[in-house]
Amino acid sequence: LKLTSCTANVIVAYAYEPLRQPRPFRNSPATLARRGVTTQLPHTFAAYTLCATGTDLQARLEEPLHLEVWSRDVYKKDVLIGLAEASVGPLFEQPLQRSSSRQSQTDGFRVLDQICTIAGAADVPDKVGILRLLVFLEDLGASA
């Protein structure tokens, strides 16, 4: 994450219908992101198991992923500072990779590495920063 217009304690949240999440994902704790400095957000990994054919999954993941960037202050209500949108569909266009250092029971995995523009929300300037998003897709085989 790199903010270009302000410094803030940030959290990133998303709720993505194709993942059938029981509740929206949020990284925690809030992390200080200084203006103009690339910041790594802690605890941003989430794994989801989806039962679908490759074709069905590809169709479901065509829906864009909307990410919210929030400013958190101990003494004030959280403020939405920006929104980012990512296309997850191109994940299926990525080459199949294999890890030589890790034994796996899968045929491989695909990785999508994307830089998303964070558009300002409400009274915030047009662009407030960028967010790097990594998505991994692993085929675990047929379900029993």
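This section describes the fold, strand pairing and cysteines of a predicted model.

The chain has 144 residues. Its mean pLDDT is 89. A score of at least 70 is reached by 91% of the residues. Among the elements of the chain, confidence is highest in strand 4, residues 31-33, with a mean of 97. Confidence is lowest in helix 1, residues 54-60, where the mean is 89. Where pLDDT is low, the predicted coordinates should not be read in detail.

The secondary structure comprises 1 helix and 8 strands. Read from the N terminus, the order is β-β-β-β-α-β-β-β-β. Along the principal axes, the C-alpha atoms occupy a box of roughly 50 × 30 × 25 Å.

Contacts across the sequence were also examined. Among contacts with a separation of 6 or more, 53% involve residues 24 or more positions apart. Buried residues make up 33% of the chain. The accessible surface is about 9700 Å². Carbon and sulfur atoms contribute 50% of that surface.

Strand 6 spans residues 79-86, and strand 7 spans residues 109-120. These two strands run antiparallel and are joined by 3 bridges. Within this pairing, Leu-83 lies opposite Ala-119 of strand 7. Strand 7 also pairs with strand 8, residues 127-138. That pairing is antiparallel as well, and it extends over 11 bridges. Here Thr-117 has Ile-130 of strand 8 as its bridge partner. Strand 7 therefore has pairing partners in both strand 6 and strand 8.

The cysteines were considered next. The search of the whole structure returned 0 disulfides. Cys-6 takes part in none, and its nearest cysteine sulfur, that of Cys-116, lies 18 Å away. A disulfide requires the two sulfur atoms to be within 2.5 Å, so a separation of 18 Å rules out this pair. From the side of Cys-116, the nearest cysteine sulfur is likewise that of Cys-6, at 18 Å. Cys-116 has a relative accessible area of 2% and is buried.

How values were computed. Residues numbered from 1 in each chain as written. Predicted model: local features only at pLDDT ≥ 70, side-chain atom pairs only at ≥ 80, totals over all residues. Heavy atoms only, no water. Helix = DSSP H or I, 4+ residues; strand = E, 2+ residues; numbered from the N terminus. pLDDT = per-residue confidence, 0-100. Buried < 20%, exposed > 50% of the residue type's maximum accessible area, 1.4 Å probe, protein only. Contact = heavy atoms within 4.5 Å. Areas by Shrake-Rupley, 256 points an atom, 1.4 Å probe, with all protein chains shown as cover.
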